[in-house]
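Please examine the sequence and the three-dimensional model shown below.

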Amino acid sequence: MKGQSKPSFAKQLKEKFKYLNYRIFIVYLLLMTVGIVAVYSASSEILMINGFKATVYGVRQFIYACFGVAICLTFYSLNLDFFRKGRNLMYLTIISWGLLLYVRFFGQEVNGARGWIKAGPINIQPLELAKLILLLYLAEMLFKLDGKLVRGRIVRQLLPTSLIAVGTMFLVLIEPDFGGTAILFCMVAIMYSVSGMPSGYAILSLLGILLMVIGGFSLIVHWNPSFLQNVYVYKRFIAFLDPFKTAANEGAQLVNSYYAIHNGGLFGSGLGNSIQKRGYLPEPYTDFILSIIAEEIGSLGALLVLGMLFYLMFLIMEKGVRAESQYTSLICFGVTAIIFFQTLFNVGAVLGLLPITGVTLPFISYGGSSLWVLSAAIGLILNVDREEKEHKEYLRMQKEMEAASDY
């Protein structure tokens, strides 16, 4: 109304935080706190051995976590309409593909794969951003297709969305990053499965996506037979089959992971008392940080950390099941899929049940890219939860006003 003052920014912010889902937010903060302590403990010995301060990686992880909280709260406060416009989603996808192409040819090579862009003191991993952008794209496109698939036009209706998924996965696969590609496919599979489309269409679409990605990769291997044989991932797969035979090189991580878990037993050797982090387990603060956690606070402590992760997933999935909007449900299940499969591949590698693919443990492993994107994903979950609560509050107030006017 004319003359009515607009609420101040502080008041608007206060109103938004009234609907914050504190259960999800607190578990998220606890996981990052565990990550800071674990990174500091796992990295301190190797840093001192190499002549650096013991706190370097711990302090960096703390800074990454602070930025992560800021990103989470920013995504919580944003108007999601920006991410629901087809044009904006296409622009974001183009940016994602551009970064993936850039990193493939000009990125920093680590363990045989080009997956990182060096930006000053940090390394940016475009794969992490690609996960979030693909999730947002699929959530909106599948929401628009819900209940609108027409027999005889199924292929034409699903093809654009499926091709975006294929393009993203293919660009990640040629880095080569098999773990990242597998996580993307699993996320797509979950989102297609809960999108509301008939199961037959979902299965055929997923088979088509898989065949296109594998077919494109097979052509590259056919044109360049040495491509697969020379990558580090291939050597890691050989080490997975018999780690003790290659314990001096590719099998070192897995063998020393076994030793760390064995040393820790049920209750651990005490925080800071790991033996394997003292130069035996390569980069113990990244992919294999769970091994150090198990050695220092025991298998029970490691299970407690994993329990927190699964509780967070449960809270997000519960929100997805009870969501009023299909879009909200797709966002929730997509984020759950990313966290679940990233955890599954990391734990599987640590235990020797899956080949080592360089997948980090969500919220715990050292690094900024994964933590920031996961923080943005948590912010999205909190955002859609807030919007639904605000909508319910609006409907309640409307009913009260109608009842009052009738009276």
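Leaving aside its neighbours within four places in sequence, with which residues is T328 in contact? They are A323, V384 and E388, where contact means heavy atoms within 4.5 Å. This is a predicted model, in which local features need pLDDT of at least 70, side-chain atom pairs count only at pLDDT 80 or more, and totals for chains, interfaces and linings use all residues. Residues are numbered from 1 along each chain as its sequence is written, and side-chain values use heavy atoms, with hydrogens and water left out.

With E388, the side chain of T328 makes a side-chain polar contact at 3.4 Å; such a contact is a pair of N or O atoms within 3.5 Å, and within protein one must be able to donate a hydrogen and the other to accept it, while residues adjacent in sequence count only if both atoms are side-chain atoms. T328 counts as buried because its relative accessibility is 5%; buried means under 20% relative accessible area, exposed over 50%, and partly exposed in between (1.4 Å probe, protein chains only).

T328 lies in helix α13, residues 326-350. Helices (H or I, at least four residues) and strands (E, at least two) are DSSP runs, numbered from the N terminus. Of the 25 residues of α13, 23 are buried. At the N-terminal end, S325 caps α13, with a side-chain oxygen 3.1 Å from the backbone nitrogen of Y327.

In the loop between α13 and α14 (369-406) lies F363, which has a positive phi of about 70 degrees although it is not a glycine. F363 is buried, at 2% relative accessible area.
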